[in-house]
Amino acid sequence: MSRKTFDYICTLITGDFSRKTQGFRNFRFGDKTILALEDQVAVALLRLTTGESLLSIGNRFGMNHSAISNITWKFIESLEDHAISHLKWPDPEEMATIKAKFEKLQGLPNCCGAIDTTHILMCSSAQPNSNVWLDCENKNSMVLQAVVDPDMRFRDVVSGWPGSMDDSCILRTSGFYKLCEKGGRLDGQMELPGEPAGSVVREYIIGDTGYPLLPWLMTPYQERDLSPAKAAFNKQHAAARMVVQGAMARLKERWQVLKGELWRPDKHRLPRIIYACCLLTNIMIDLGDTHRERAPASHDHDDGYYQQFSNVADDGAVAQRDVLCQFVSRLGSKLPE
């Protein structure tokens, strides 16, 4: 993180720091020196980026582990209050830019984002006598669902659901799904250039085979022995989905508190920790700070988890995917490698 980004984050939460009884307090280092705002932000970021235990970080600074916990939590609460403008659904002008990028890079017209889920592992002893958090890999986890744009910026996030739920079920319980079904999102249409008159496609996002095929959610073809056109569509579809896979992998790589088993997580606080990490990621993107990060070794953000499959398909969505398939197939030779 650049100094510019760090200073911006400090500026965002400085109001809470001045109201010590409501926000940050006079925490002290081991030598009794009071931690300034910048010190407390640095401590919280250290906790989120390294994933080290509260005890380990406390020992570094001669502080009680409870103080590290309080500082980190107050930082997260303050981000929720003051940084929400960095994680929002695009306005029409932003959406036009997003759709143009998806079409230029992957030939997918009117595409508004990519969706995926990832598992955040939890210490097994944190949820005693309950199998609801036990996922298909026999691990205790919480699921994060996210929609991202071509710049790997998080545009909609949902977390808090246990690892035992599949992708399709989590989608259908989300506010995002309800908004799309009611026409509150992804309701715009465009006429495809060069296609027969009346060939239009609705705004949509893309997802893998774990999701249902819906008018606003395009998934790949699943049948065997695909035609050349369908194979070309699946290829471009998979290439475009790399943005969400990369975003999830980078999220876990940058914020190590989400990578590996979290130590004794509070299932009520964990979704807010995940949300804060998404906010911080977007802040870094918005301030042009992503060039400093180390790229993850792989985009496989859920190593060891099997691919899910859904056979749910809306008739109108099937027709729209076929129209897109033909368009992408004809455009394929003009796309960058």
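My entries below go through aromatic pairs, charges over rings, and a helix.

Ground rules: I am working with a predicted model, where local features need pLDDT of at least 70, side-chain atom pairs count only at pLDDT 80 or more, and totals for chains, interfaces and linings use all residues. I number residues from 1 along each chain as its sequence is written, and side-chain values use heavy atoms, with hydrogens and water left out.

Aromatics: I looked up the pairs (rings of Phe, Tyr and Trp, the last by its six-membered ring, with centres within 6.5 Å; planes under 30 degrees apart are stacked, over 60 edge-to-face, the rest tilted), and the structure holds 4. Phe-176 and Trp-216 pair edge-to-face, at 5.8 Å centre to centre and 80 degrees between the planes. Phe-176 is in helix H7 (residues 175-181) and Trp-216 in the loop between strands E6 (204-206) and E7 (217-218), so the pair ties together parts 40 residues apart in sequence. Helices (H or I, at least four residues) and strands (E, at least two) are DSSP runs, numbered from the N terminus. I also find Trp-89, Phe-176, Tyr-177 and Trp-216 in one aromatic cluster.

Charges: I count NZ of Lys or CZ of Arg within 6 Å of the ring centre and within 35 degrees of the ring normal. Arg-269 lies over the face of Trp-73, 4.2 Å from the ring centre, and the charged end of Arg-321 sits over the ring of Tyr-221, 4.0 Å from its centre.

Helix H9: 13 of its 17 residues are buried, so H9 is largely enclosed by the rest of the structure. Buried means under 20% relative accessible area, exposed over 50%, partly exposed in between (1.4 Å probe, protein chains only). Just after H9, I note Gly-288 with a positive phi of about 70 degrees.
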